[in-house]
Amino acid sequence: MLTQLRYRYFPDHLIGEILTKRWIDNAIPFLVLLVAIVVFGILLPGFLTINGLSDLGRQFAEFGLIVLGLTIVMISGGIDLSVASVYTLAVLLSLICVNVEGWPVGLSFLAVMALGVVCGSINGYLIGYLRLRAFLTTLVTLIIFRSIYDIVFLRTSTAIISSLSDSDLWTFIGEGTVLGIPFTLVVTALIAIAWHIVLSRTRPGWRLTAVGGARRSAYNAGIKVRRTVCAAYIWSSVLSALAGFLFAARIGSTGADTGVGLEVSALTAAVLGGNSLGGGRGSVAKAVMGALLVLIVTDSLTSFGVSGPINSTVLGCVLIAAVFVDMRFLRNRDRWLSKVYVSPAYLSLPPPPSALDPTSPYALNDKLRSVEVIGLGQIEGPEDVILDHEDNLYCGTRHGDIVRFFGPDHSRHEIFAHIGGHPLGMAFDRKGDLLVCIGGMGLYAVSPDKTVTKLTDETNRSWLSVVDDSRLRLADDVDVTPDGRVYFSEATVRYEQEDGRPTLSRAGATAASFATILGQAPPEQSSTKSCSRMASACRETGNRSSSLKVGRAPSSAIISRVQKRVGSRRSSITCLATPTTSTALRMGAIGRRFWACEPPRSTSRSPCRTFADAWPSA
Amino acid sequence: MKLRMVLAIALGLVFAGGALAEDKGLDNHAKRDPYYEKLKGKKVLFVPLAMGFDLTEGWAAIMRRQAKDLGYTFEIRDPNWSTDAGTRAITDAIAQKPDLLIVHNPDLQSYAKLEQRAVQAGIKVLQVNLETVNPTDTYIGADWVKVGLIEAQALVDHCGKESGKSGKVAILEGQPTAASNLYELYAYNHVFADHPEIQVVADQAATYDPAKARAITETVLQQHPDLCGIVGNWDNQDVGAGAAVQAAGKSGQVFIVTSGGGSKTGCDNISKGLLSEIVSYDVPLQGDALNQAIVELLLSPAKAGTVQTTYFTPLTLQTKDTISPRQCWTLDDLK
């Protein structure tokens, strides 16, 4: 009883499902960020005031852009240490353009952006096209850009200080607000949102992630790897240059220390947010959280009067810790996930029927002696069979075909239709179309003239489901009720087709709760979930009553009846326990009964078998 | 009757004497009470360039001592040489609303707007030794133009017409946009303009870094083996130049003049022959001036920014001939 309650109410599958979400990576940095905000909010009186937040916002606007640029490069599988130098050069160029040369702000802005493109192109060309090591290359450009800064700065320092711009726009960029929010923060927020959409919703973003995740695979998939990598560095430099422009507007000056060590802070922020140093994993949200975290920690430590070197040391320790967690998390995530995710359910089985009692229907008998074997050695993995009105027999094959054995002797066969996926469950609808559930693809219809049409590959998403269960992953069995409704089962909402099987059978040893019986109304051709019992096979027993369905839990030797009445609750009765597992049930077509067994994979060359009266009366 | 009178007078005298004995001296409540009470619990924040070097540690030691004595709080926000961290420290400080903000400015511009904001928020701002272009309540520190004039003149005296030397000099700037640097640079150029025999062969920024100063000087010495003098921004930086000169075996030939806080380290560098002359702005003296200004600003009823004063601290010259233990301070002396 207790065991049952524990498995029924302890939501371990929920934890597992949450762990599979992409945003789970963000949970740890987000929690740390919350803790930091709460702790420093309590300890520092001015921290959570409008004034304090507004100042944090302005600093974040610049720092966040740099971290975002670095994140883009990190997602592409590289690293950009030169962000700080580009930023410093941009500060200097902005001041020279606006203060010394007296250019209009717009023109100065274009000049600074051009600077970003040039610097980024140098990095991008060297790393993307000439394929130099990112770390060393950007380390060198870091030094070169910095030297250029030192040389030019020395010559222009007096001019920068002595001539100040009186442009209102320049002042507005540095100090202005939009609806009470610092203007620079608005700019950064818009850029961050745009990048979020690019990275998560558009093709260029996916390509970037693909290149970072596996460069060779991306190349094989036809992605222009070199161009993508080059573009990442250009964007990184452009964003850094923009940050420099905003800083110049805010401070109106520059010094020998401007941008010194900024690459370390930015790197700390990017890694702390959860962006992988190895590439292929990262997001704007992570960059934003990391940047906020680093700013809050360093600002707060300064406010507490912690001396500078200790502040830097703390930041360094945080970076090491973040890298450590990043590595551990990457290495062990799948292991943790598989541990939690199996999430066994509890199912108490009725005592198995005895096969030794001679009166038992399971007792050894020779009823199958006269069985005729169809298609022996000709087809592989038939899974389900069905007969049409002309007594032709249909079954699927592992190779993605539907094979028709011509009646009445079923000795000749032809490929009825090529589907492309493994046909699992089959049923005829009232028009005479053959409905087929195809693993990994969905519900398809094959008309008598052999044209194949997709009926559906999705259903509604459950309100309370954490994972997206609207896509059909393993449409397994199908039946049609006398009123024309199509019911088909979905064997898993949690595993993909490719990794489902091994995990399914492991989880299924105790029972599993992955399946859903879906109802489909023919006119709209949209499917909704009608029942989420454990069933991978389903069969409408139309000859008995329209309200009866039979389902079977995958990998368990239970056959249950799901009773469905309009306007009343569903109920299920375990009506039969069998000594073996089975994949498909067939009842009462033209007086004969079939039961197709799925054999173990190792001996998979089994033909379709016909059983006479193998279905005991339930 | 006579006796009674005498007794009465005697008694009166005794009482009067007693009263006199009790009223000897004055408590000065009128001045002392408001002085100590008003200072108690005030809050002073100090944003230096960084802690951990002679100037800021020296000032902080002196200011901390008085704060402890008079019962106001004195806190340091250390941006560790980062202007950006400094702007954050000042913005934070404005939010915390101290009574007085003491700022050591990294350059003439960066903190200028923020200091105006602090003043507008009613916080008095005292700039120490390095100022911005915008004056606030008080500036206490060196007159950098004067420092520059003295340095340049010393160089002219040593390398000019009558000296019979090459007249080649190098300028080692500090942080290019800092007040000390730009004002001194003006003074050098002003003086050298009157002395065409002085030839500036190098002008580079060592950004307070002795290693950089050393590297620059090594290069200059290779290009100009007959270099006559170096004028630098800060003794702690230019000791690197001295090391390079010594390593090249030109200690007697190259005259190095710079400025500094007058600490024992500077004196030692002079006696070791690494530096020739230091124009000292005397940190202990500046510290006392700061303490005086702190009290004045904390007690003054004037609103922040309404009264603006400047005190250029006196300069002393330190050379091998003039240095004495009395002139050279250590941090322990100040604590």
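Modeller: The contact takes in 32 residues of chain A and 33 residues of chain B. Two residues are in contact if their C-beta atoms, placed from the backbone, lie within 7 Å. This is a predicted model, in which local features need pLDDT of at least 70 and side-chain atom pairs count only at pLDDT 80 or more, while totals for chains, interfaces and linings use all residues. Residues are numbered from 1 along each chain as its sequence is written, and chains are lettered from A in the order in which they are written.

Biologist: Which elements give two or more residues to the side of chain A that touches chain B?

Modeller: Helices (H or I, at least four residues) and strands (E, at least two) are DSSP runs, numbered from the N terminus. In chain A the elements are helix H4 (50-75), helix H7 (134-162), helix H14 (284-303) and helix H15 (308-341). H7(A) gives the most, with 7 residues.

Biologist: How do the residues of that side divide into nonpolar, polar and charged?

Modeller: Ala, Val, Leu, Ile, Met, Phe, Trp, Tyr, Cys and Pro count as nonpolar, Asp, Glu, Lys and Arg as charged, and the others, Gly among them, as polar. On this side of chain A, 8 are nonpolar, 20 polar and 4 charged.

Biologist: What is the order of the open sheet of 6 strands in chain B?

Modeller: Two strands pair if DSSP finds at least two bridges between them. The order in chain B is S7-S6-S8-S9-S10-S12, with mixed pairing. Strand S7 (199-205) and strand S12 (316-319) of chain B are at the edges, each with a single partner strand, so one side of each has no neighbour in the sheet. Strand S10 (residues 277-280) of chain B pairs with S12(B) in the antiparallel sense over 4 bridges; there, Val279(B) has Leu317(B) as its bridge partner.

Biologist: How many residues of strand S9 of chain A are buried?

Modeller: A residue is buried if 20 or more other C-beta atoms, placed from the backbone, lie within 10 Å of its own. For strand S9 (residues 434-438) of chain A, the count is 5 of the 5, so S9(A) is largely enclosed by the rest of the structure. Leu434(A), Val436(A) and Ile438(A) point one way, and Leu435(A) and Cys437(A) the other way.

Biologist: Which strands does S9(A) join by bridges?

Modeller: Strand S8 (residues 423-428) of chain A runs antiparallel to S9(A), with 5 bridges, and Gly425(A) stands opposite Cys437(A). Strand S10 (residues 442-446) of chain A also runs antiparallel to S9(A), with 5 bridges, and Leu435(A) has Ala445(A) as its bridge partner.

Terms used:
A residue is buried if 20 or more other C-beta atoms lie within 10 Å of its own, exposed if 12 or fewer, and partly exposed in between; C-beta atoms are placed from the backbone.
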